[in-house]
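Please keep the sequence and the model in view while reading.

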Amino acid sequence: MKNKIKEQVKEMSKVRIIGNDVPEMPWQERPAENRTNLPLWRYRENPIIGRNPVEGVARIFNSAVIPYEGAYIGVFRGEQTNGISFIYLGRSKDGIHWDFEKDKIRFVDEEGNEFMPRYAYDPRLVKLEDTYYIIWCQDFYGAAPIETSEGWLLFYHGVSGTCNGYVYSIGGAILDIDNPSVVKYRCETFLMTPEEWYEERGFVPNVTFPCATIEDAASGRIAIYYGAADSYVGLAFTRIDEVVSYIKEHSVLTEEDTETGKR
């Protein structure tokens with residue numbers, strides 16, 4: 001039995017994040033009193049961004065964060081007090097405590113002329129080689145995928161309909177590294193679902209919506225930023241070996257998952 005356990009641990013440790021080391025990333029160990037066997041756990045001081053975070057903005061949620069010049073930078077969906085969303089710039093030394101610029105981000109078109117959308121929300125921020133890309137208002141299902149030795153690790157949101165409205169939970173899948181339209185593993189259970197007050201109560205209740213991750217390739221640690229009840233930003237954690245093992249163990253695929261092509 002002991003040898004079998006050792007072999008399982010050895011097998012799990014083979015999962016690697018393909019990326020950069022971020023040793024000072026936000027992190028808390030799993031609490032000893034963890035009530036579930038799920039591979040994600042919450043930051044105990046959540047939410048990390050509350051209501052009215054900057055003048056003229058009622059709520060910040062569903063936003064993107066990335067390491068930048070030894071600290072962290074983010075593009076944030078700010079719901080203004082008039083109900084219209086725009087994208088705001090935020091900076092943080094530790095990825096937890098954020099300072100926001102009062103003015104919304106100014107955009108320009110291909111010719112360098114000012115171009116401001118009437119409405120901008122749910123931004124995503126990725127770095128490809130030496131260029132940072134901001135995109136928004138697309139069919140975003142979750143955070144940008146993480147490249148791993150098992151494939152692209154994807155944290156996405158799934159919606160359950162109830163007699164009291166929708167419930168948004170965090171799910172997980174692993175996509176083929178060369179053909180991401182092919183799903184290798186899709187977890188049948190949620191990885192996290194609304195349970196805390198800041199997830200259950202807000203502008204849109206019962207929402208946990210994954211938006212961004214920071215990962216440390218050396219240790220396999222992953223921090224997940226998520227929108228909570230369309231009113232707050234929460235932070236959760238996992239390790240690459242734990243979450244990949246859980247997704248594979250609880251994977252259920254449909255015929256469509258294994259087909260090549262756009263869904």
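Predicted model: local features only at pLDDT ≥ 70, side-chain atom pairs only at ≥ 80, totals over all residues.

Together they make a hairpin with four residues between the strands, and glycine 220, which lies in the turn, has a positive phi of about 80 degrees.

## The sheet around β13 and β14

An open sheet of four strands takes the order β1-β14-β13-β12, and the pairing is antiparallel. The edges are held by β1 and β12 (208–216), each of which has a single partner strand, so one side of each is left without a neighbour in the sheet. Helix α3 packs on this sheet, where it touches β1, β13 and β14, and the direction of α3 makes about 85 degrees with that of β14.

Between β13 and β14 the pairing is antiparallel and extends over eight bridges, with leucine 235 in β14 as the bridge partner of tyrosine 225. These two strands also form a hairpin, in which three residues lie between the strands and alanine 229 takes a positive phi near 55 degrees.

## The enclosed strand β13

In a regular strand the side chains alternate between the two faces of the sheet. Along β13, Arg221, Ala223, Tyr225 and Gly227 point one way, while Ile222, Ile224, Tyr226 and Ala228 point the other way, and all are buried. Because eight of the eight residues of β13 are buried, the strand is largely enclosed by the rest of the structure.

## The buried side of helix α3

Which residues of helix α3 are buried? In this helix, made of residues 240–249, they are Ile240, Val243, Val244, Tyr246 and Ile247. They cover an arc of only 160 degrees around the axis, which means that they lie on the same side of α3. The buried residues of α3 pack against several strands, among them β8 (146–148), β9 (151–162), β10 (165–175) and β11 (183–186), as well as β13 (221–228) and β14 (232–239).

## Aromatic pairs

Nine aromatic pairs are found when the whole structure is searched. One of them joins tryptophan 27 and phenylalanine 237 in an edge-to-face arrangement, at 5.3 Å centre to centre and with 65 degrees between the planes. Tryptophan 27 lies in the loop between α1 (2–12) and β1 (41–42), whereas phenylalanine 237 is in strand β14, so the pair ties together parts that are 210 residues apart in sequence. Tryptophan 27 has a relative accessible area of 18% and is buried, and phenylalanine 237 likewise counts as buried, at 0% relative accessibility.

The rings of phenylalanine 76 and tryptophan 98 are edge-to-face because their planes stand at 70 degrees, with centres 5.0 Å apart. This pair links distant parts of the chain, 22 residues apart, with phenylalanine 76 in strand β3 (residues 71–80) and tryptophan 98 in the loop between β4 (85–92) and β5 (99–100). Both phenylalanine 76 and tryptophan 98 are buried. Elsewhere, ring pairs link Trp27, Trp41, Tyr43 and Phe237 into a cluster.

## Charges over rings

Arginine 59 lies over the face of phenylalanine 203, at 3.8 Å from the ring centre. In another contact, the charged end of lysine 104 sits over the ring of phenylalanine 86, at 4.9 Å from its centre.

Key
Residues numbered from 1 in each chain as written. Heavy atoms only, no water. Buried < 20%, exposed > 50% of the residue type's maximum accessible area, 1.4 Å probe, protein only. Arc of directions from axis to C-beta. Contact = heavy atoms within 4.5 Å. Phe/Tyr/Trp six-rings, centres within 6.5 Å; stacked < 30°, edge-to-face > 60°. Lys NZ or Arg CZ within 6 Å of the ring centre and 35° of its normal. Pairing = 2+ DSSP bridges. Axes fitted to C-alpha atoms, helices over the stretch in contact; angles between N-to-C directions.
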